[in-house]
Amino acid sequence: MRLRDSLTLIERLPQCNSSQEVGATFTDFVRSHGFLAAACGESRETPEGRSWEFFFNTWPAQWLLQYQSNDYVRHDLVPALARISAQPFTWREALAERTLTAKQCEHRDWALGLGIVDVFAVPIHYPGGDFGLCVSIADHRIEDVFERSALQMASLFANQRCRVLGGQSEASLAQTPLTPREVECLRWVLKGKSDTDIGKILDISHTTVHFHIERVKKKLGIKTRTQAAAMVVSLGYL
């Protein structure tokens, strides 16, 4: 990857009309260069503590579920280091500079088991102490200086486009909360169950299951059931 490669992405971003479109466009770009997924969001200090909001997240749904259920967000070095770093960095650089706790070792081993070799993180600091973060997950070591420069440029423009569009993804701005039954259906979608399987588990018809899942997709502005399941995890319902 070279800096000129990022220009194609940058030229496409003004055509994106939602943070989700930015995410799809950004992920298509990085996947063509050996990356598995991407995420972009921001962290703000609130009266209840520091909160994270996704602009987009294209991790597989199962990754998100495991990441949250194992509470890895509190032990992941990438967001922690992003708070104090003004420069882009890689996950492997962060690992090499620290003595890891048992939970950090667990998180590292989990990520390696998924086929994650490295992560490139681009912190974007705002006035007042809040900051944004764009990460690209790779199946290779991120050592080439030209690749890093291209990713940094692409990440900055993707983050800025999301902020221009209003920041949070449509799902994060959803006004209608999900019902317990809708969440339960999506929980089983994450486990790879079909509508028929879920209906048998919950003792309802498969058409009712389909109705609940379609309603969640409509509420969140999501096109596929897998995306809906992933977003439900990222929003904290699961």
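## Terms and basis

Contact means heavy atoms within 4.5 Å. The model is predicted, with local features needing pLDDT of at least 70 and side-chain atom pairs counting only at pLDDT 80 or more, while totals for chains, interfaces and linings use all residues. Residues are numbered from 1 along each chain as its sequence is written, and side-chain values use heavy atoms, with hydrogens and water left out.

Serine 136 sits in strand E5 (residues 131–138); helices (H or I, at least four residues) and strands (E, at least two) are DSSP runs numbered from the N terminus. Serine 136 has a relative accessibility of 0%, so it counts as buried. The classes are buried under 20% relative accessible area, exposed over 50% and partly exposed in between, with a 1.4 Å probe and protein chains only.

Leaving out residues up to four places away in sequence, Serine 136 touches Phe26, Val30, Phe35, Ala37, Ala38, Asp118, Val119, Phe120, Ile142 and Leu151. Phe26 and Val30 are among the buried residues of helix H2, which also include Ser19, Val22, Gly23, Thr25, Thr27 and Phe29. H2 (residues 19–31) has 13 residues, which at 1.5 Å a residue should span 18 Å, and its end C-alpha atoms are 18 Å apart, in agreement. The expected span is 1.5 Å times one less than the number of residues in the helix.

## Confidence

The protein chain has an average pLDDT of 86, and 92% of its residues score at least 70; pLDDT is the predictor's confidence in each residue, from 0 to 100.

Over residues 169–175 pLDDT stays under 50, and the model has 18 contacts for them beyond four places in sequence. Where pLDDT is low, the predicted coordinates should not be read in detail.

## Nonpolar surface patch

Leu3, Met153, Leu156 and Phe157 make a nonpolar surface patch of about 320 Å². Patches consist of residues with over 30% relative accessible area and no salt bridge, joining like charges within 9 Å and nonpolar side chains (Val, Leu, Ile, Met, Phe, Trp, Tyr) within 5 Å. Accessible areas come from the Shrake-Rupley method with a 1.4 Å probe; for residues, only the protein chains shown count as cover.

Helix H7 (residues 145–164) gives the most to this patch, with 3 residues. Leucine 3 lies in helix H1 (residues 3–12) and is partly exposed, at a relative accessible area of 41%.

## Salt bridges

The whole structure holds 11 salt bridges, each defined as a side-chain nitrogen of Lys or Arg within 4 Å of a carboxyl oxygen of Asp or Glu. In one of them, arginine 74 pairs with aspartate 71, the closest N and O atoms being 2.6 Å apart. Arginine 74 is exposed at 61% relative accessibility, whereas aspartate 71 is partly exposed at 28%. Aspartate 109 and arginine 108 also form a salt bridge, at 3.0 Å from N to O.

Arginine 187 and glutamate 184 form a salt bridge with their closest N and O atoms 3.4 Å apart. They are 3 residues apart in helix H8 (residues 180–190), which means a separation of about one helical turn. Arginine 187 is partly exposed at 33% relative accessibility, as is glutamate 184 at 25%. Valine 183, also found in helix H8, is buried with a relative accessible area of 9%.
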